[in-house]
Amino acid sequence: MLFAFGDNRARNQNNGGVEFQARAKVAEACTGVYPPQPLPEPPEFPANYPDLWLRLMRRENSFEALVSKDGAMWRRYCLHKMVMPGAGLLGLAVTSHNRSKTAVARFRDVIFDVIE
């Protein structure tokens with residue numbers, strides 16, 4: 001999954017608001033996949049709301065995570081390879097990671113494209 005946090009606070013091996021995570025098996029914990037380290041300051045991949053576009057592309061067992069400030073010029077966040085079944089599910093999600101706080105997300109310009 002490719003996602004954006006609500007701020008650009010440093011966390012894990014990330015100095016911005018974007019992160020990619022994957023899990024090898026159902027019900028296992030996700031692990032972060034990050035750009036080459038060390039990351040520069042200011043954040044290389046900031047959550048720049050409302051101007052933040054995320055793109056996740058799958059080609060067989062390769063997943064490429066891309067980030068854009070304008071929806072036109074894209075920068076690779078990471079490339080991750082893992083064995084996957086032929087079919088998969090795709091969706092959008094939001095979570096606050098805090099049971100006492102509600103999270104709100106607005107998705108726009110959503111495109112699900114299947115390229116054979």
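**Entry 1**

Strands are DSSP runs of at least two residues, labelled E and numbered from the N terminus. The model is predicted: local features need pLDDT of at least 70, side-chain atom pairs count only at pLDDT 80 or more, and totals for chains, interfaces and linings use all residues. Residues are numbered from 1 along each chain as its sequence is written, and side-chain values use heavy atoms, with hydrogens and water left out.

I noted that Phe3 stands opposite Glu19 in E2. I then traced the open sheet, in which three strands follow the order E1-E2-E3 with antiparallel pairing. E1 and strand E3 (31-33) are the edges; each has a single partner strand, so one side of each is left without a neighbour in the sheet. Neighbouring strands of this sheet are turned by 45° against each other on average, direction ignored; the axes are lines fitted to C-alpha atoms.

**Entry 1: Asn14**

I located Asn14 in the loop between strand E1 (2-4) and strand E2 (18-22). Is Asn14 buried or exposed? I recorded a relative accessible area of 4%, so Asn14 is buried. The classes are buried under 20% relative accessible area, exposed over 50% and partly exposed in between, with a 1.4 Å probe and protein chains only.

I next listed the contacts of Asn14 (heavy atoms within 4.5 Å). Leaving aside neighbours within four places in sequence, Asn14 touches Glu19, Tyr34, Leu39 and Tyr77. I also checked Pro35, 21 residues from Asn14 along the chain, and found the two C-alpha atoms separated by 8.2 Å.

I turned to E5, where seven of seven residues are buried. Both faces are covered: Ser62, Glu64, Leu66 and Ser68 lie on one side, and Phe63, Ala65 and Val67 on the other.

I found that strand E4 (residues 53-59) pairs with E5 in the antiparallel sense over seven bridges. The bridge partner of Arg58 in E5 is Phe63. The hairpin of E4 and E5 has two residues between the strands, and Glu60 there takes a positive phi near 55°.

I found E5 and E6 paired in the antiparallel sense, also over seven bridges, with Ser62 opposite Lys81 in E6. Their hairpin has five residues between the strands, and Gly71 in the turn has a positive phi of about 80°.

**Entry 2: salt bridges**

How many salt bridges does the count come to? I noted five, a salt bridge being a side-chain nitrogen of Lys or Arg within 4 Å of a carboxyl oxygen of Asp or Glu.

I examined Glu64 and Arg76, which form a salt bridge with the closest N and O atoms 3.0 Å apart. Glu64 lies in strand E5 (residues 62-68) and Arg76 in strand E6 (residues 74-81), so the pair ties together parts that are twelve residues apart in sequence. Glu64 is buried at 13% relative accessible area, whereas Arg76 is partly exposed at 47%. I also recorded that Arg59, Glu64 and Arg76 are linked in a network of salt bridges.

I listed two further pairs. The side chains of Asp7 and Arg9 meet in a salt bridge at 4.0 Å, N to O, and Asp7 is partly exposed with a relative accessible area of 34%. Arg108 and Asp109 form a salt bridge at 3.3 Å, N to O, and both residues are exposed.

Methods: Helices (H or I, at least four residues) and strands (E, at least two) are DSSP runs, numbered from the N terminus. Two strands pair if DSSP finds at least two bridges between them. Axes are lines fitted to C-alpha atoms, for helices over the stretch in contact, and angles run from 0 to 180 degrees between N-to-C directions.
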